[in-house]
Amino acid sequence: MIIDWLTGTAFRVAGTGTTWAELLGFATGVLNVWLVARQKIANWPIGIANVLLLMLLFWTAGLYADAGLQVVYVALGCYGWWHWLFGGERRSRLTVSRTGRREWLALAAAGVLLTGALWVLLDRATDSTVPLPDALTTALSLLATYGQTRKRVESWWLWIAADLIYIPLYAYKGLHLTAGLYLVFLALCVLGLRAWRADRLRADRPSAVPPGPAPVTA
């Protein structure tokens, strides 16, 4: 059965078994973030495959909020795929943009409410040993993914904040390869932030006016 194979041990790191799901999640995850940074539409199907692998991995590790989050990621992945293709002006390809002040306020409010609700749920309804960091990273990841579907430059900052929590969290839970993966993610997020900011600056720069006399208007 494929689930038994995916949850089987591929090799060991520091005495802890690494499953095939974690190994494949590492590979598809790195490829996904690299494609996002380069604004390649193929990031979305690769990303959907990645979150399905991570869903299985997190559930078996007792990270229930992160496991449930992957279901939302599948839906957001389908939406993001469509929006990148047709979300621009006149249903054209989407371009990089910045997050507005009102949008930031709405995201901050949603993040606080989501973190609080998940924290209470995980603490009271599950056997999670890390309810607060699990809830906080879940909220940050959802907000970052929303920003990614809209091609907001600032979505990279949310991913960076989430990764800085994910790395020690996964190491604590014994998911050493996944902790290493998120260290790679952190570096890719910095590169992605620089690439998207440069793309936005190019779009904001006024077009150069060719030398010569001004055109005659009727």
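Contact, as the word is used here, means heavy atoms within 4.5 Å. This is a predicted model, in which local features need pLDDT of at least 70 and side-chain atom pairs count only at pLDDT 80 or more, whereas totals for chains, interfaces and linings use all residues. Residues are numbered from 1 along each chain as its sequence is written, and side-chain values use heavy atoms, with hydrogens and water left out.

**The whole chain**

Begin with the entire protein selected. Its C-alpha atoms fill a box of roughly 75 × 35 × 30 Å, taken along the principal axes. Among contacts between residues at least 6 apart in sequence, 66% join residues at least 24 apart. Colour next by secondary structure: there are eight helices and two strands, where helices (H or I, at least four residues) and strands (E, at least two) are DSSP runs, numbered from the N terminus. Read from the N terminus, the order of elements is α-β-β-α-α-α-α-α-α-α.

Now show the surface. The protein exposes about 12000 Å², of which carbon and sulfur atoms supply 68%; accessible areas come from the Shrake-Rupley method with a 1.4 Å probe, and for residues only the protein chains shown count as cover. Of the 218 residues, 44% are buried. Buried means under 20% relative accessible area, exposed over 50%, and partly exposed in between (1.4 Å probe, protein chains only).

**The nonpolar patch**

Select Met1, Ile2, Ile3, Trp5 and Leu24, which make a nonpolar surface patch of about 550 Å². Patches are made of residues with over 30% relative accessible area and no salt bridge; like charges are joined within 9 Å, and nonpolar side chains (Val, Leu, Ile, Met, Phe, Trp, Tyr) within 5 Å. A salt bridge is a side-chain nitrogen of Lys or Arg within 4 Å of a carboxyl oxygen of Asp or Glu. Helix H1 (residues 2-6) gives the most to this patch, with three residues. Leu24 belongs to helix H2 (residues 20-37) and counts as partly exposed because its relative accessibility is 32%.

Move to H6 (131-149). Its 19 residues reach 27 Å from first C-alpha to last, close to the 27 Å expected at 1.5 Å a residue; the expected span is 1.5 Å times one less than the number of residues. H6 is mostly covered, with 15 of its 19 residues buried.

Continue to Lys151, which follows H6 and has a positive phi, near 55 degrees. Finally, centre on Arg152, in the loop between H6 and helix H7 (155-172). Arg152 counts as buried because its relative accessibility is 16%. Leaving aside neighbours within four places in sequence, Arg152 is in contact with Ser97, Arg98, Thr99, Glu103, Gly147 and Trp196.
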